[in-house]
Amino acid sequence: MTQDPKRYTITAALPYTNGPIHIGHLAGVYVPADIYARFQRLQGKDVAFVCGSDEHGVPITIKAKKEGITPQQVVDKYHAIIKQSFEDFGITFDNYSRTSAKVHHDTASDFFKKLYDDGKFIEEITEQLYDEEANQFLADRFVVGTCPKCGNEESYGDQCENCGTSHNATDLINPKSAITGAVPALKETKHWFLPLDQYEPFLKEWILESHKKDWKTNVYGQCKSWIDDGLRPRAVTRDLDWGIPVPVDGAEGKVLYVWFDAPIGYISATKEWAEREGKDWEPYWKSDDTKLLHFIGKDNIVFHCIIFPSMLKADGSYIMPDNIPANEFLNLEGNKISTSKNWAVWLHEYLEDFPNQQDVLRYTLTANAPETKDNDFTWADFQARNNNELVAIFGNFINRVVVLTHKYYGGVVPAPAEFSEIDEQTLAELKAYPAVIESSIERYRFREAQQELMNVARLGNKYLADEEPWKTIKTDEERTKTVMYVALQIASALAVLSEPFLPFTSEKLKSILNFDGLQSQPNWKSIARIVPPSGEMPLGKGGHKINEGELLFSKIEDTQIQTQLDKLQASKQANEIANKKVTPQKDTCTFDDFTKLDMRVGTIIKAEKMPKAKKLLVLKVDTGLDVRTIVSGIAESFTPEEIVGKKVTVLVNLAPRALRGVDSEGMILMTETPDGKLVFVNPDTSATLSTSGVLNGATIN
C-alpha cells in the first residue's frame with residue numbers, strides 16, 4: 001500500500017459507447033468513484049479523476065451495421081449522451097475523454113510500439129474463424145456458440161455472459177457467424193500476443209502475497225482463480241477495420257484488441273488533462289508516491305488486475321494500482337439489468353423524470369451498493385429511502401433548525417450561554433464523525449460511510465427532540481440559545497460531511513447556512529476540531545446570519561413510482577412478444593383435405609369441470625344437428641359459469657376420442673391474442689358456417 005501518497009490517480013471504468021448509462025453502471029463504478037474523489041479533494045489532496053468513452057470493439061460495429069450508419073456516428077451519439085449525463089448527475093471527472101481522440105490513438109500506438117520494440121510480444125500464425133459469405137475474419141462478438149464450460153448456447157466468442165468465463169472464439173462448440181449465421185471456417189492469420197504466463201511469478205507476489213489482506217475478497221478470489229488455473233498468452237491484435245491500426249509493418253487490416261487499447265485510455269485521459277492544466281502527467285502514473293486506484297465492476301476484474309498490470313510491468317516505467325475495489329452487480333426489480341431488453345433505469349431518462357433529484361438516486365444506489373454481493377434496486381425502496389430517510393430524517397432536521405432560527409432570532413446564530421453536559425456530549429459525538437466516515441471511505445465501504453452520515457442527522461433530530469427548544473423558548477431563553485447554537489453546528493457539519501455523498505444537497509445547505517458569509521468556511525478537518533465552549537466551532541461563536549430556508553428534499557408520490565413501474569412492465573411485455581416462440585407451420589394440407597372439415601356454429605348449454613383434471617372442461621354443445629359432449633382444455637382460462645350460453649365454432653366431423661373415460665365428439669375452435677390470452681374463434685351468428693367459401697379465387701363447395 002502507498003503510505004501517505006502525494007497525489008491520487010483515480011480511474012473509473014470506461015463506459016462502452018453502444019448505449020447510455022444505467023443505474024447498474026452508476027452503483028458499481030461511478031458513484032463510489034466520485035464519492036472517493038470528492039472526499040480526497042475535501043482533504044486537500046492532489047487528485048486526477050479520469051474516465052472516458054470506450055469507442056472501439058465489435059459491438060459498436062454490429063450496432064452500426066444494424067442501424068445502417070458508421071461506427072463513428074454510433075460513438076459520437078452515445079459519447080455526447082453519456083458525457084452530458086455524467087455532468088448533470090454531478091460525477092466530477094477531472095477529465096472525461098474518449099478513445100477515438102488523437103491523444104489516445106497516439107498514446108496506445110506508442111505503448112504498443114515500445115513493447116514491440118522491446119520484444120515483449122509473441123508473433124504467431126494462428127487459425128481464426130472466418131466467415132466465407134461475409135469475406136471477413138470473425139472477431140469475438142461476431143461469433144456465437146455453446147460455452148465449453150456451462151453449455152450456454154448463446155455465448156460470445158470472448159466471454160460467456162451466463163457463467164462469466166473468458167475464452168477464445170475457437171473454443172466455442174458449434175460456432176456460428178453473428179453476421180450471416182453461417183458456420184465459419186478456420187483460416188490462418190498473423191497476430192501478436194502478450195505472454196501472460198511469463199508474468200505469473202510477478203502477479204503471484206504482487207497480488208496473492210502483497211494484497212491478500214487489503215483487497216476485497218471477491219477481487220482477490222477471482223485473481224487467485226485465474227493465476228492458479230495458469231495464464232496463457234493473449235492476443236493484443238485482431239482482424240478488424242474499426243479501432244487503432246497496429247503500428248508495425250505487415251499488420252494491414254489489423255487493429256489493437258480493445259482490451260489492450262481501452263485501459264491505456266486512462267493514461268491518455270490523464271495526458272489530455274495535464275496538458276490542459278499545465279501539469280506533468282508522468283508523476284500521476286510513474287511516481288511511487290502516487291496512489292493509483294481503479295473503480296470497476298466485477299466483469300472487469302481480470303482486465304484490471306491481471307492483464308493491464310502485466311502490460312504496465314512489461315513497459316517497466318509505470319506504478320501498479322494500489323487497490324481495485326470492484327463491485328458486484330446491481331439487479332433491477334429482481335431481474336438482471338439488460339440493455340438489449342431495455343430492462344434498465346437509464347440515467348438520462350431519470351434526470352428528465354426526476355429533475356433536481358440527483359441526490360435521491362445517489363443516496364439509494366449507495367445504500368444498496370453491491371459491495372460484497374449482487375444487490376437489487378426497486379422503485380419501492382427508492383421511494384422509501386427518499387420519503388422515510390432523506391425527507392423524514394435529514395430534511396426534517398435541517399428544516400426545523402432553520403425555521404426556528406428565523407422565528408426566534410431573525411436568522412442570526414445566537415451566542416450560546418452555558419453548555420450542559422448533554423451539549424458537550426453531543427458536540428463530542430459530532431466531532432468524532434469525520435474520522436468514522438473517513439475510515440469507512442478509505443476502506444471502500446461507501447454504504448457504511450453513508451449510514452454514518454445519516455447518523456449525524458439522527459443525532460441532530462434526537463438532540464432537538466430531547467431538548468425541545470419550542471418549549472424552553474417560553475421558560476428559559478438563554479437555554480434555548482444554547483440548544484439552537486448546538487443544533488446549527490450539527491447542521492453545518494452535515495453541510496460539509498454530506499458533500500461526497502449528496503453534493504447537490506450539500507451546496508443547497510451551504511447556501512442556506514450562508515457559508516460564503518463566514519470568515520473561515522467550515523471544512524472536514526474543522527468539524528473534527530470542534531471544542532466547546534470557547535474553542536473552534538463551524539459557524540463561529542454567534543452573530544452569523546443565515547439565509548432563508550428551502551426544502552432539501554421533496555416527497556415522492558405513488559403516481560411517480562407507478563409511472564416507472566409501468567415503463568418496466570411495457571418493456572417486459574415487449575420482450576415477451578419479441579421472444580415468443582411461434583409454432584412452426586404444419587405440413588401442407590391439400591384442397592381436398594380442407595373440404596372435409598365440417599364447421600358449425602353451436603351453443604354451449606352445459607359446462608362442468610372434469611374430475612381430477614386441472615385443464616379440462618366437459619361441455620354439452622347444441623350443434624344444430626344434435627347435442628353432443630365435447631371435452632375442451634380451457635379450464636385454466638374460463639370458468640364453467642361464464643361460458644354457458646356462449647356461441648362457439650365447432651368442428652363436428654372430428655373422429656371421437658376418449659379423454660379420461662369421456663368420449664369427446666368434436667372440437668371447439670380457439671386462438672390466442674398477441675399477449676397469450678386464450679379466446680374463442682367468434683362466429684358470425686347471423687350466418688351458418690360451412691366449408692363453402694372462396695380460397696385464392698377458387699370456390700369451395
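An open sheet of five strands runs in the order 19-18-17-20-23, with antiparallel pairing. Strands here are DSSP runs (E, at least two residues), helices are DSSP runs too (H or I, at least four), and both are numbered from the N terminus. Two strands count as paired if DSSP finds at least two bridges between them. Strand 19 (627-632) and strand 23 (667-668) are the edge strands, each pairing on one side only.

A quick word on what you're looking at: this is a predicted model, where local features need pLDDT of at least 70, side-chain atom pairs count only at pLDDT 80 or more, and totals for chains, interfaces and linings use all residues. Residues are numbered from 1 along each chain as its sequence is written, and side-chain values use heavy atoms, with hydrogens and water left out.

Back to that sheet. Strand 18 (residues 617-622) pairs with strand 19 in the antiparallel sense over six bridges, and Val-621 sits opposite Arg-628 of strand 19. Leave aside its neighbours within four places in sequence, and Leu-669 is in contact with Met-599, Thr-649, Phe-680 and Val-681; contact means heavy atoms within 4.5 Å. For Val-681, 12 residues away along the chain, the C-alpha atom is separated from that of Leu-669 by 5.7 Å.

There's also an open sheet of four strands, ordered 5-4-9-10, again with antiparallel pairing. Its edge strands are strand 5 and strand 10 (234-235), and each pairs on one side only. Here are its pairings:

| Strand pair | Bridges | Residues standing opposite |
|---|---|---|
| Strand 4 (122-131) and strand 9 (185-194) | nine bridges | Tyr-130 and Ala-185 |
| Strand 4 and strand 5 (136-137) | two bridges | Asp-131 and Gln-136 |
| Strand 9 and strand 10 | two bridges | Phe-193 and Ala-235 |

Strands 4 and 5 form a hairpin with four residues between the strands, and there Asn-135 takes a positive phi near 60 degrees. As a general point, side chains in a regular strand alternate between the two faces of the sheet.

On to the helices. Helix 14 (residues 446-467) and helix 16 (residues 477-497) pack at an angle of about 170 degrees, with axes 10 Å apart. The axes are lines fitted to C-alpha atoms, for helices over the stretch in contact, and angles run from 0 to 180 degrees between N-to-C directions. Helix 14 and helix 16 are therefore roughly antiparallel to each other; the cut-offs are under 35 degrees for roughly parallel, over 145 for roughly antiparallel, 65 to 115 for roughly perpendicular, and oblique for the rest. On the helix 14 side, the contact residues are Leu-453, Val-456, Ala-457, Gly-460, Tyr-463, Leu-464 and Glu-467. They meet Arg-479, Thr-482, Val-483, Val-486, Ala-487, Ile-490, Leu-494 and Leu-497 in helix 16. By class, the residues of this contact split into 11 nonpolar, two polar and two charged. Nonpolar covers Ala, Val, Leu, Ile, Met, Phe, Trp, Tyr, Cys and Pro, charged covers Asp, Glu, Lys and Arg, and the others, Gly among them, are polar.

Helix 2 (residues 58-67) and helix 3 (residues 71-89) have axes that come within 8 Å and cross at roughly 105 degrees, so they are roughly perpendicular to each other. In helix 2, Ile-60, Thr-61, Lys-63 and Ala-64 meet Pro-71, Val-74, Val-75 and Tyr-78 of helix 3. That contact has six nonpolar, one polar and one charged residues.

Helix 6 (217-229) and helix 14 are the elements giving two or more residues to the lining, and helix 14 has the largest share, three residues. The lining consists of three nonpolar, five polar and 10 charged residues.
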